[in-house]
Number of protein chains: 2
Amino acid sequence: MLNSPSVTTQEFLTNLIQIVGEQRVRFDPADCWPYGYDNSRRHALPQWVVFALTHEEIRDIICLCNHVHVPLIPRGRGTGTTGATVPISGGLVLSLERMSCIRLIDPVNRAMIVEPGVTNQEVQIAAEQRGFFWPPDPTSAAFCTVGGNLAYNSAGPRAVKYGTPRENVLGLRAVTGAGEEIRCGSYTTKGVVGYDLTRLLIGSEGTLAIITEATLKLTPLAEAKRTLRATYRDTESAGQAVATLMSQPLTPCALEFMDRQAVTLAQAQGGVILPTGTGALLMIEVDGPAAAMEEAITQIKQAADNAGLLEIVAAHTPQEAAQLWSARKALSPALRTLAPKKINEDVVVPVSHLPALIGGLERLAREFAITIVNFGHAGNGNIHVNLLINPDDPLEMERAGKCLEQVFELVLSLNGSLSGEHGVGLEKRDFVAREIDATTLNLMGRLKAQFDPRGILNPQKTLPLNSLT
Amino acid sequence: MLNSPSVTTQEFLTNLIQIVGEQRVRFDPADCWPYGYDNSRRHALPQWVVFALTHEEIRDIICLCNHVHVPLIPRGRGTGTTGATVPISGGLVLSLERMSCIRLIDPVNRAMIVEPGVTNQEVQIAAEQRGFFWPPDPTSAAFCTVGGNLAYNSAGPRAVKYGTPRENVLGLRAVTGAGEEIRCGSYTTKGVVGYDLTRLLIGSEGTLAIITEATLKLTPLAEAKRTLRATYRDTESAGQAVATLMSQPLTPCALEFMDRQAVTLAQAQGGVILPTGTGALLMIEVDGPAAAMEEAITQIKQAADNAGLLEIVAAHTPQEAAQLWSARKALSPALRTLAPKKINEDVVVPVSHLPALIGGLERLAREFAITIVNFGHAGNGNIHVNLLINPDDPLEMERAGKCLEQVFELVLSLNGSLSGEHGVGLEKRDFVAREIDATTLNLMGRLKAQFDPRGILNPQKTLPLNSLT
């Protein structure tokens, strides 16, 4: 692990302890163990774990690792699903979970300055008290950190109207793999001085630099929100409704889709009652001025209506809205009861290709005899494709692997992308070259080398191995 | 100019003609002359001008220039104000104005694929026919190209609600300074595979790569729009109103400011009648569902009201709206009558610091005996600071130079940025190091070298000279 002949493992540990003190370093394998996994269920044991509290500590830790060539893996709360924080090269896991301070909330400038370890939910609660929110809202909001959200460019249902972290961050403070302290972006909502390193770091999965502070762009909470549920005979009709909804003026703040399998599951396992013959379902939310809500519901109902529509219901109270969401909420627990393991992909296609995607996935499910349940953020064309499998059945696992390859081929043939919000990490690293051409990947590899010349930051993640020089 | 001993000027010209044909190459100085200026009124004569029509031609031209070390300056319509397209190192100007095709309009996917030479206005017209618009709206929209908008990350009044090009582009096709053909971004509104080169290229002023195709993200046109004009006793009251407007839920789609000098000018030269004692003016536009407009006007009037408010008027018809805008529209022609030259800056500060900025500018105007007229996009804190000067008065020019330095110091002391939307080019290049630290600039210089190893693309622009390796 330690590639410097001049420093022993013991000396490295001593140096680490000099930076943060003994209390915030772990080296006993039993203590390090929990920091070796993420939500991909992959695991690798790190040699050390360190808890940083300040920008300066992070800088010193990076300089130390860079000096002695020790892999350094930044980590929030480990809720990622791609293995991006699993230390497969060993080395040091840098936990940022204790850097969870909200430094400033500034409603007039619609900005909030936070440390990377604050959870998404803590940000939302603090913002809400001033009448604002931060748009990215992954399902794991209660646990995941903002640093993680930035590392993966994680979004959620609201992205259809309000964008992803790349559209909702003003500036960053960070330390590169070479230990350089950089600042990028500005404290203003416009700014064109210098190259845009802010967005380059967002989504780079800790492979370029470690973010030590972020200035988030806040959005005012809408005055009112309304929820509708539309059920359709089949995917084609639901897909056509999504297309119509996205080409009319009123952009929903959530436009979620469930396919036939997902609907069946929610009904069978979740006790949800839907119209007979429901083959696809849309959850639609609109927000805006209270005075516009009735008209908005009329417009949405009109756009959602087509020959395949079975029923569309609008909630009048928060209780009714929760009732409508129950089909969607029942899904995740139901999935867990159905198969010991799911491979959860988050492919994305142009909205117009949603019916072709779902149709193709149904064909692949039959061809490979794999149950596939599809649901997700239809307004962005971002679908969570869940392959339900039994990891103890080697034949099924092999079929699932082949099926997955075909899923990716299908997505790329539809002008889509392998990941909408989960990121690449380890899970999709070896598929990236199917989406991005070799020239562009080579350039990305060279850029990585400028940030992290010795390749210590999160090695073997995000870019295909052969794109790194 | 030509740094390759193996190729003569004549051979370079022959090679260039081989790529595009004789009809699209200029080398007579009289023909090249008009391609040596931009709207900064700077000028330098290029040795050659070439008009490209395709991605492949651009690739071949870059490869040729890279091979023989000839400076290559991409250019749209020359409406930039910073000298970014002025060929101060001589070389070849690559005009993109003939690559003006709109390749695809796709309402369902809210996307439009365009060549870089299409004008902003042509994009807006085409989008409008499908019920959409592209948010960036610089004042020069009728003439400026989308390629130029992307190069500078140009915005305009709508950015306060709808963002800048960085928030409104899905993907790019481009050729780096080394002649590498790259694709970045995706055709979907979410996508996290690979590093974000899209935003890195946007705002890089043609110093990293030449954009050959852009996929723009379209936004649906709002159903209705209403215009209000608020006049205030002084800047402090107007600034306070801006702060209140930006911290309430209803984000205006334009929030423009005029200071006392601007108001006086519009009244004296433009024949506009405003309440007696008007010391500052806000133009406020709101858009959204028609059903919400009356309530929106009430909310805006409430937020805009404070002790310094003299009058607030809402237009009921497009004619009334045009009438309200007349004060703002009278300003630019009026400015031209007042002084032979204006130095037009576009600094940006956090919205909360607008009163401090305007107050500081008034102080500097007195101190340096320079007339300064301030107006601009208050909702983004982006103010156009106009120093009115006589270029034939060397003493005044010297005072203006010193004053400008103090303007920049003031802006940076208020946590602002030197440019909100005009960019850096030549005009602000030597001030960039005051805003961005040396470490970050050095990294930017190294990234530039990865895109453009021989430094042929738009040399001496955007980054301070000493940050380039």
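How many residue pairs are in polar contact across the interface of domain 2 of chain A and domain 3 of chain A? In this predicted model, the rule finds two such pairs across that interface, both at pLDDT 80 or more, and it also finds one salt bridge there.

The two domains belong to a chain that is divided into domain 1 (9-95), domain 2 (102-220) and domain 3 (224-332), and the centres of domain 2 of chain A and domain 3 of chain A, taken over C-alpha atoms, are separated by 30 Å. To their contact, domain 2 of chain A contributes five residues and domain 3 of chain A eight residues. About 510 Å² is buried between domain 2 of chain A and domain 3 of chain A, with carbon and sulfur atoms giving 58% of this area; of the area that domain 2 of chain A buries against domain 3 of chain A, 81% is supplied by A:P157, A:V160 and A:K161, more than by any other three residues. The side chain of A:K161 also meets that of A:D287 in a salt bridge, at 2.6 Å from N to O.

For residues 41-221 of chain A, an unreviewed UniProt entry lists "domain: FAD-binding PCMH-type"; over these residues the chain is 22% helix and 26% strand, and the end C-alpha atoms lie 36 Å apart.

In chain B, B:H422 is found in the loop between α14 (394-413) and α15 (432-435). With a relative accessible area of 16%, B:H422 falls under the 20% cut-off and is therefore buried. Leaving aside neighbours within four places in sequence, B:H422 is in contact with A:V192 of chain A, and with B:T81, B:T82, B:Y152, B:N344, B:D346 and B:H384 of chain B.

Terms used
Residues are numbered from 1 along each chain as its sequence is written. Chains are lettered from A and ligands numbered from 1 in the order in which they are written. This is a predicted model: local features need pLDDT of at least 70, side-chain atom pairs count only at pLDDT 80 or more; totals for chains, interfaces and linings use all residues. Side-chain values use heavy atoms; hydrogens and water are left out. Helices (H or I, at least four residues) and strands (E, at least two) are DSSP runs, numbered from the N terminus. Buried means under 20% relative accessible area, exposed over 50%, partly exposed in between (1.4 Å probe, protein chains only). Contact means heavy atoms within 4.5 Å. UniProt positions are given in the numbering used here, feature names are shortened, and annotations may be inferred rather than shown by experiment. Domain bounds come from an automatic or database domain assignment. Buried area is the accessible area (1.4 Å probe) that two parts lose on being put together, summed over both. A salt bridge is a side-chain nitrogen of Lys or Arg within 4 Å of a carboxyl oxygen of Asp or Glu. A polar contact is a pair of N or O atoms within 3.5 Å; within protein, one must be able to donate a hydrogen and the other to accept it, and residues adjacent in sequence count only if both atoms are side-chain atoms.
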